[in-house]
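Here is a short briefing to read alongside the model on your screen. Have the sequence and the 3D view open together as you go through the points.

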Amino acid sequence: MTPSLAISVLPSLRGRGIGTKLLTELLSHAPSDRIGLSVQNSNPAKRLYERIGFLTMRESVDESVMVWTRTVA
């Protein structure tokens, strides 16, 4: 089972790197090597998720299901 993530940043605070910092910190302490999320395709945060390493596993017209997998160096 892949744990699912849900986060949000207040609209007035977006564009300041808070989401990137929050997400990278959460993932660094993730209890699993795989984390999933759903995002509306029109949501600008989808680009953040892709930048962090989430890959689209399933996509419909409106929504994408994405999964991040921890890489071991």
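The radius of gyration used here is taken over C-alpha atoms, and the globule rule is 2.2 Å times the number of residues to the power 0.38. For the 73 residues here, a compact globule would come out near 11 Å, and the chain has 12 Å, which agrees. Please keep in mind that this is a predicted model.

**Overall layout**

- The chain holds 2 helices and 3 strands, and along the sequence they follow the pattern α-β-α-β-β.
- Along the principal axes, the C-alpha atoms of the chain fill a box of roughly 35 × 30 × 20 Å.
- Of contacts between residues at least 6 apart in sequence, 53% join residues at least 24 apart.

**Surface and charge**

- About 5,300 Å² of the chain is accessible surface, and 55% of that area belongs to carbon and sulfur atoms.
- Of the 73 residues, 27% count as buried.
- The chain has 9 positive and 6 negative charges, and their mean positions are 6 Å apart.

**Helix α1 and its cover**

- Helix α1 spans residues 18-28, and Gly 19, Leu 23 and Leu 27 are buried in it.
- These residues lie on the same side of α1, because they cover an arc of only 55 degrees around the axis.
- The cover over the buried residues of α1 includes β1 (34-40), α2 and β3 (63-69).

**Lys 46 in helix α2**

- Is Lys 46 buried or exposed? With a relative accessible area of 10%, Lys 46 falls under the 20% cut-off and so counts as buried.
- You will find Lys 46 in helix α2, which runs over residues 45-52.
- Beyond its neighbours within four places in sequence, Lys 46 is in contact with Val 39, Asn 41, Thr 56, Glu 59, Ser 64 and Met 66.

**Met 66 in strand β3**

- Strand β3 is where Met 66 is found.
- Met 66 has a relative accessible area of 0%, so this residue is buried.
- Which residues does Met 66 touch, not counting those up to four places away in sequence? They are Ile 35, Gly 36, Leu 37, Val 39, Lys 46, Tyr 49, Glu 50, Phe 54, Leu 55, Thr 56 and Met 57.
- Met 66 and Gly 53 are 13 residues apart along the chain, and their C-alpha atoms are separated by 9.5 Å.
- Val 39 and Thr 56 are among the contacts of Lys 46, and Met 66 touches Val 39 and Thr 56 as well.

Key. Residues numbered from 1 in each chain as written. Predicted model: local features only at pLDDT ≥ 70, side-chain atom pairs only at ≥ 80, totals over all residues. Heavy atoms only, no water. Helix = DSSP H or I, 4+ residues; strand = E, 2+ residues; numbered from the N terminus. Buried < 20%, exposed > 50% of the residue type's maximum accessible area, 1.4 Å probe, protein only. Contact = heavy atoms within 4.5 Å. Areas by Shrake-Rupley, 256 points an atom, 1.4 Å probe, with all protein chains shown as cover. Lys, Arg positive; Asp, Glu negative; His and termini not counted. Charge placed at Lys NZ, Arg CZ, Asp CG, Glu CD. Arc of directions from axis to C-beta.
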